[in-house]
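Subject: Two-chain model, handover and notes

Hello,

Here is the structure I said I would pass on. My notes come after it.

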Amino acid sequence: MKLSTYNFLTSMAIKGVKVGFPLKLTISKKELVETEFNPTFVERLLPKLDWSAVYGAAQVAELAEDIPAVQPESIADNEQLLQKLHHLLFEIDVLEGQLECPETGRIFPITDGIPNMLLNEDEV
Amino acid sequence: MLNMAFKCILWFAQEHVNFRISEFESLAKMFGLQFRLVSQQLLKPFWIVEFPSEKTALQYASRSVALRAIFELYSYANTLPDFHNRLRSHVDTHHNELARHFSSDSSFKITVETYNKHFSQREKVEKIETMDYLPIEGAVDLKNPRVELWYLEFWGLDPKAVPPVPEDILFGRLLAQGQRHLIKDLSLKKRKFIGNTSMDAQLSLLMANQAMVRDGDLVFDPFVGTGSLLVSAAKFGGYVLGADIDYMMVHAQCRPSRISQRIREKDESIRANLKQYGCADRYMDVLVADFSNPLWHPRLSFDSIITDPPYGIREATEKVKTKKSGKEDTRSEDMIHYPSTSHYSLQSLYCDLLEFSAKHLKLGGRLVCWLPFHREDYDEEMLPHHKHLRLVANSEQPLTGNTSRRLLTYEKSSEYSHSEALESRKTFVNAPSEDFRDRYFNNALESRKDRRMRKSELRERGRLEMASRGKIPTDARAKKCDLNKARFA
């Protein structure tokens, strides 16, 4: 799972959960996947992202010094920050780990890089 | 009034004829192309279209999968004398523009293509000779010509009623080939990871065109399966994201579909497919999730959603749900639990799909999906609809028996608001496909047993026929059975 995908996931499906975001991320095994830097795509993705969750992911991935805690006003012309965002969001692949619902503590495992967001029938 | 100075011949493959019109419209919209259709009969393989310039014509050809090739039109007529008169006058009036293609330092080649009638090489050369008045000074070069000229004849659509003379005669200069090479490049035959219901390359490319996928788009498939739709979306530059309820499928550990393959290889995956076609960079993620429950953050919006939901025939329609059974629960806390799934009716599946798309598409973004149905009860009214989505294209592909499926393209036409959506949801109740599976298996025109008996009778008759002609029959069916037995021995 890439950290950009992490930014989109919630645990809203669990019965009684209102927001379910951001999930608590734990990484036990990760891999670096080099991908082509596409600044326009990163820019287009920015409005879809929740910055606090971006920063949270950076902390878990030990890249917190690269990413400011508060979203800067203009990112589009900050090539360096775009590069760092690209690295954080697209090049770190979480192979093993887990996502935890902030409200109920329900754990979603990540195996072979694929998160399993399925709930049991009594949870929906 | 626009200046549509550039007349073109579009030569289409006569396959999925239904889809070429909506593909043309989608691509024109995607590139913002101006055009004027001269041809009226859009089922013919040759169309005449006016574009403002050569550049716009090439833009269209750079994406079309239905298109074989595109030509600059020099002459067109319904009869041979008219054709030659027009070609002569075209050459006279366009002397200056043609000079560069016809000059002595250029080289050329003329190809004859006839539709619905076969000609020998000699007859084709004779056809070329009829145009000996063309003032071409360059040399003939059959291998690497600078200019390729094409002479096209259309002899009707019905192979059983070929007319005595060609219905259309066209002549022009080749501008570009369409993108049909992609069909071979992305062929399922050589793809690393495929499943029972992987979409064939041609249709999945058509779907990506319908969805107007462009470089840097975010594309989502909520019923991803083996990711066959993501491949073509990624090929056109989309960043792809997928989800599926089937854990074994997403992890590529389900039973192999190839008859020659016993177990899945370790490195099979959706990502490996994208790597195979050189677009690994476009892979975002796939995950295991149940579509009937909310998962994505409300602010997330996709540029397009391309999907082929399960119809309940070859892949089950499922969602997570409690099943009531009289048996005692023997599970313990530490056992691995597999959530039980229940039937997810097509009706509610499409309801959810449209609602999801209305919520998560950008304004103007497209949802492209298939809807299976029984042909006799098709009615425009039965198509799923949603207040915020406008149906922009609808093409049919016949399947087996009396079933069929339609490729539906919706465009998000207004911003989503929750209360309005709830109202519109109620209107879509008489869904057709509710009982698609039941009718498929139980109420077919002939029962499965009748069909089996009829087929075996046919085979027997064939065998007798062959024996009477002294041929030795090879039993292809038995061969296939043996292969299957060997696979599970």
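Residues are numbered from 1 along each chain as its sequence is written, and chains are lettered from A and ligands numbered from 1 in the order in which they are written. The model is predicted: local features need pLDDT of at least 70, side-chain atom pairs count only at pLDDT 80 or more, and totals for chains, interfaces and linings use all residues.

Contact between the chains. Chain A places 29 residues in contact with 28 residues of chain B (contact: C-beta atoms, placed from the backbone, within 7 Å). On the chain A side, at least two residues each come from α1 (3–6), α2 (39–45) and β4 (114–115); helices (H or I, at least four residues) and strands (E, at least two) are DSSP runs, numbered from the N terminus. The largest share, three residues, is that of α2(A). By class, the chain A side has 13 nonpolar, eight polar and eight charged residues (nonpolar: Ala, Val, Leu, Ile, Met, Phe, Trp, Tyr, Cys and Pro; charged: Asp, Glu, Lys and Arg; polar: the others, Gly among them).

Helix α3 of chain A. This helix spans residues 51–60, and its buried residues are A:V54, A:G56, A:A57 and A:A58 (buried: 20 or more other C-beta atoms within 10 Å of the residue's own, C-beta atoms being placed from the backbone). Their cover includes α1, β1 (24–32) and α4 (79–91) of chain A. Just after α3(A), A:E62 has a positive phi of about 60 degrees.

Domains of chain B. The assignment gives domain 1 (6–179), domain 2 (183–321 + 338–441) and domain 3 (459–488); such bounds come from an automatic or database domain assignment. The centres of domains 1 and 2 of chain B, taken over C-alpha atoms, are 37 Å apart. Eleven residues of domain 1 and 14 residues of domain 2 make up their contact. The domain 1 side of it has four nonpolar, four polar and three charged residues.

Backbone details. In chain A, a cis peptide bond links A:F21 to A:P22, with omega about -10 degrees; A:P22 sits in the loop between α1 and β1.

In chain B, B:M212 has a positive phi, near 55 degrees, and lies in the loop between α7 (201–210) and β9 (218–221). B:M212 counts as buried because it has 22 C-beta neighbours inside 10 Å. Phi of B:A252 is also positive, near 55 degrees; B:A252 belongs to the loop between α9 (247–250) and α10 (270–276). B:A252 is buried, with 24 other C-beta atoms within 10 Å.

Regards

Technical notes
Contact = placed C-beta atoms within 7 Å. Buried ≥ 20, exposed ≤ 12 C-beta atoms within 10 Å, placed from the backbone.
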